Amino acid sequence: MMTPMRYILLVLGMIISLHYIMSFSHEGYGNMTSITRLTEKLAKPNAEPPYRTPVPEDYYKPTGSPSSPDRKANATFVMLVRNSDLTGIMSSMRQLEDRFNRKFNYPYVFLNEQPFSDDFKKHITALTDAPVEFGLIPAEDWYQPDWIDEDRATKAREDMVRENVIYGGSVPYRNMCRFNSGFFYKQELLQKYKYYWRVEPDVKFFCDLDYDPFLVMQDEKKVYGFTVSLFEYPTTIPTLWNSVKEFINSNPTLVSPDNAMAFLSDDGGESYNRCHFWSNFEIGDLDFWRDVPYSKFFDFLDEKGGFYYERWGDAPVHSIGAALFARKDQIHFFNDIGYRHEPFQHCPQGDANSRGRCWCDPTQNFDYEWYSCLNKYDKLFS
Ligand SMILES: Nc1nc2c(ncn2[C@@H]2O[C@H](COP(=O)(O)OP(=O)(O)O)[C@@H](O)[C@H]2O)c(=O)[nH]1
Ligand SMILES: [Mg+2]
């Protein structure tokens, strides 16, 4: 006869043995019940992306209040444009003023490698009460450097034209991508600022933004904010990821411990899945780009010549930098900023849509389309 104690021990022993057999034979079961997984789950009871938690009420300014807010961040809008972009940038700026800046009064910095015309300046300054500055980009920060082998660059452009790569034949576009990757934050007019919001011509802002996104960045120590993420054209970046891996291998200590590599790569960093944040919209921390990890990274990439021998975009370069050198929770999805840059748009859903008085059609939303990478961003936090 078994005593009740022996019986309990026997059953317990059987359960434990069964657990071990299942752990070894069924990977899913092992993952689900592993101690590390269980403690992770305990530590994060509501594991979900930070943007799902609404911005606290005290960041909001009542609609219609023209009064200056009490607390402001050290921040500016940045617009890189040509004189010929006047109507497009006026359209973007008018919406930004009406939907947000009328209340918050952040300044503007306009940058161009050619001097802005008087006509351009006159029309722009008429659109806002906020301070506006116009900067001339130094030639050495813009044009193709002398050490680039022009024959090799020409051949690369010709090949891309033949393959119908978008902007494949354009040198100015390459200058722009290299400038946005490694030089905009070094411009003199931006030195006094810590945060920036990049704005392009002909974009749409669909919703009222009644809170200060710069203060959210500042208070939560975020360094990079986006509204749309998607896959890059492979033909523009054939060797970019090899260069990134080379950089990581020689500078392992620069990579952030709690990084967002899983947004960039589906195999632990071996290959690039081509996900990037769409950089025509950015709200970011200029000091993050100015700091050692990203500066070293940009210099390393620049020396490879890929901005001219291929057509590396500032979007993948910024995204890879943010994902590797920041903590994943420092990268923020601005869910409540309704935004369109042709041909994609983020239209806030549900409460965020009505609260922002958005005029986009909520069914026209790129977030979880097949070409979007937002699900990979979400997964970082699950
Ligand atoms: N000053 C200047 N700005 C440029 C030049 N090329 C592009 N840009 C700006 O760089 C940004 C990206 O260019 P855009 O033509 O919109 O490229 P896309 O969004 O990739 O199709 C926009 O703000 C443009 O106004 C250029 O040659 N000079
Ligand atoms: Mg554009």
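1. Three strands make up an open sheet, ordered S5-S11-S12, and the pairing is antiparallel. Its edges are strand S5 (204–205) and strand S12 (344–346), each of which pairs on one side only. Bear in mind throughout that this is a predicted model.

2. Looking at the S11 side of that sheet: strand S11 (residues 339–341) pairs with S12 over 3 bridges, in the antiparallel sense. If you want one pair to click on, take tyrosine 339, whose bridge partner in S12 is histidine 346.

3. Between S11 and S12 there is a loop, and glutamate 342 lies in it.

4. Next, strand S9 (residues 282–285), which is covered on both faces. On one side you have Glu282 and Gly284, on the other Ile283 and Asp285, and all of these are buried. As a reminder, side chains in a regular strand alternate between the two faces of the sheet.

5. Which strands pair with S9? One is strand S4 (residues 195–198), joined to S9 by 4 bridges and running antiparallel; here tyrosine 195 stands opposite aspartate 285. Another is strand S6 (residues 224–226), also antiparallel, with 2 bridges to S9. In that pairing glycine 225 is found opposite isoleucine 283. So both of the S9 residues named here, Ile283 and Asp285, belong to the buried set on one side of the strand.

6. On to tryptophan 142, which is in helix H6 (residues 139–142). Leaving out residues up to four places away in sequence, tryptophan 142 touches Glu113, Ile137, Asn175 and Phe179. Cysteine 177 is 35 residues away from tryptophan 142 in sequence and 9.5 Å away in space, C-alpha to C-alpha.

7. Finally, the ligand. Ligand 1 is surrounded by Leu80, Val81, Arg82, Asp85, Asn112, Glu113, Pro172, Met176, Glu200, Pro201 and Asn280. By type, this shell splits into 5 nonpolar, 2 polar and 4 charged residues. Glu113 is worth a look in both places: it is part of the shell around ligand 1, and tryptophan 142 touches it too.

Notes:
Residues are numbered from 1 along each chain as its sequence is written. Chains are lettered from A and ligands numbered from 1 in the order in which they are written. This is a predicted model: local features need pLDDT of at least 70, side-chain atom pairs count only at pLDDT 80 or more; totals for chains, interfaces and linings use all residues. A residue is near a molecule or strand if its C-beta atom, placed from the backbone, lies within 6 Å of it. Ala, Val, Leu, Ile, Met, Phe, Trp, Tyr, Cys and Pro count as nonpolar, Asp, Glu, Lys and Arg as charged, and the others, Gly among them, as polar. Two residues are in contact if their C-beta atoms, placed from the backbone, lie within 7 Å. Two strands pair if DSSP finds at least two bridges between them. A residue is buried if 20 or more other C-beta atoms lie within 10 Å of its own, exposed if 12 or fewer, and partly exposed in between; C-beta atoms are placed from the backbone.
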